[in-house]
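Hello,

Here is the structure I promised to pass on. My notes follow below it.

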Amino acid sequence: MIKFSFQGELGAYSESAAKAYAKNRLEREITTIPCSTFKQVLDNTEAGISDYSILPVENSIEGNVGESYDVLYPSTLYAIGEIYHKIEHCLIGNGKLDDVKTVYSHPQALGQC
């Protein structure tokens, strides 16, 4: 089975993008490997732990993902494809929306809303 490394936890948008890319471009199912950093994603592929890496490089609202470029530049890997992956955030809770005073989230997610 083909292995993809991605940054984030299982269920992250990057994992979803990897699965969509593999299904649409490779016509295969994949195994995903979550990584804590963008660098670890690339290191996994360079070391043969995964066959492919997937990194976000641009966001239509927030712009370029600078950290991806920072780790790609010194890497020995090549970009071989791209996928446009729609991001949809949801605010889930109980009670009334009017009662919400504060939302805590990652700054990237808040910027995309």
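Where does Leu97 lie? Leu97 is in the loop between H3 and helix H4 (107–111). Helices are DSSP runs of H or I with at least four residues, strands are E runs of at least two, and both are numbered from the N terminus.

Before the rest, the ground rules. This is a predicted model, where local features need pLDDT of at least 70, side-chain atom pairs count only at pLDDT 80 or more, and totals for chains, interfaces and linings use all residues. Residues are numbered from 1 along each chain as its sequence is written, and side-chain values use heavy atoms, with hydrogens and water left out.

Leu97 is exposed, at 64% relative accessible area. Exposed means over 50%, buried under 20%, and partly exposed in between (1.4 Å probe, protein chains only).

Now helix H2 (residues 38–46). Its buried residues are Phe38, Val41, Leu42, Asn44 and Thr45. They span an arc of only 155° around the axis, so they sit on the same side of H2. That arc is taken from the directions from the helix axis to the C-beta atoms. The buried residues of H2 pack against strands E1 (2–7), E2 (30–35) and E3 (52–54), and against helix H3 (66–72). Just after H2, Gly48 has a positive phi of about 85°.

Last, Ser5. Ser5 belongs to strand E1. Ser5 is buried, with a relative accessible area of 0%. Beyond its neighbours within four places in sequence, its contacts (heavy atoms within 4.5 Å) include Val41, Asn44 and Thr45.

Best wishes
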